[in-house]
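Open the model in your viewer and keep the sequence panel beside it. The stops below say what to select next and what is there.

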Amino acid sequence: EGPLPTEIGLLDDTLVRQIILNDNHLTGTLPTQLSHLSLLQTLNVANNALFAGLEHGLEQLWFEGVDDVLTMRLPASLISLDLSGNPLSGTMPADIGRWLPPNLAFLAVANASLTGTLP
């Protein structure tokens, strides 16, 4: 319960391939420290309370801006991302492919209040 701790990025990145945290009452957003897990392939944070009240659009899911520098929240190695069952809302960006990790093959956003179309 609560936010995903930033210390998650301190895990041994040579060992962590999957993080399965669905149904854990998580709040907040994804910490940028996840990007340190360079071999992470699967992230399942479905059915939590993540991303409530995003102020700057869906790009906040993928990047965090500090002093006009964007830091990616997710590692490029990510293949599967399950965000379904979280209070996502807003418009799906037409250029969403630009915001996603390059190897992502599975993105689940079921039960979200998103509008727009996927390219």
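**The whole chain**

Color the protein chain by secondary structure and follow it from the N terminus: the elements run β-β-β-β-β-α-β-β-β-β-α-β-β. That comes to 2 helices and 11 strands, where helices (H or I, at least four residues) and strands (E, at least two) are DSSP runs numbered from the N terminus.

This is a predicted model, in which local features need pLDDT of at least 70, side-chain atom pairs count only at pLDDT 80 or more, and totals for chains, interfaces and linings use all residues. Residues are numbered from 1 along each chain as its sequence is written, and side-chain values use heavy atoms, with hydrogens and water left out.

Now color by pLDDT, the predictor's confidence in each residue, from 0 to 100. The protein chain averages 81, and 81% of the residues score at least 70. Select strand E2 (residues 18-20), where confidence is highest, at 96, then strand E7 (residues 69-72), where it is lowest, at a mean of 56.

**The open sheet**

Select E1, E3 and E5. These 3 strands form an open sheet in the order E1-E3-E5, with parallel pairing. Strand E1 (2-3) and strand E5 (49-50) are at the edges with a single partner strand each, so one side of each has no neighbour in the sheet. Two strands pair if DSSP finds at least two bridges between them; strand E3 (residues 26-28) and E5 are joined by 2 bridges. Zoom in on Thr27, which stands opposite Ala49 in E5.

**Asn48**

Next, select Asn48, in the loop between strand E4 (42-44) and E5. Is Asn48 buried or exposed? Asn48 is buried, at a relative accessible area of 8% (buried means under 20%, exposed over 50%, partly exposed in between, with a 1.4 Å probe and protein chains only). A polar atom of its side chain lies 2.8 Å from the backbone nitrogen of His25. The side chain of Asn48 also reaches the backbone oxygen of Ala46, at 3.1 Å.

**The nonpolar core**

Finish at Ile19. The largest nonpolar core has 22 residues, and Ile19, Leu30, Leu34, Leu40 and Leu43 have the most contacts inside it. Such a core is a set of buried Ala, Val, Leu, Ile, Met, Phe, Trp, Tyr and Cys residues joined through side-chain atoms within 4.5 Å. Leaving out residues up to four places away in sequence, Ile19 touches Ile8, Leu34, Leu37, Leu40, Thr42, Leu43 and Asn44, a contact being heavy atoms within 4.5 Å.

Conventions:
A polar contact is a pair of N or O atoms within 3.5 Å; within protein, one must be able to donate a hydrogen and the other to accept it, and residues adjacent in sequence count only if both atoms are side-chain atoms.
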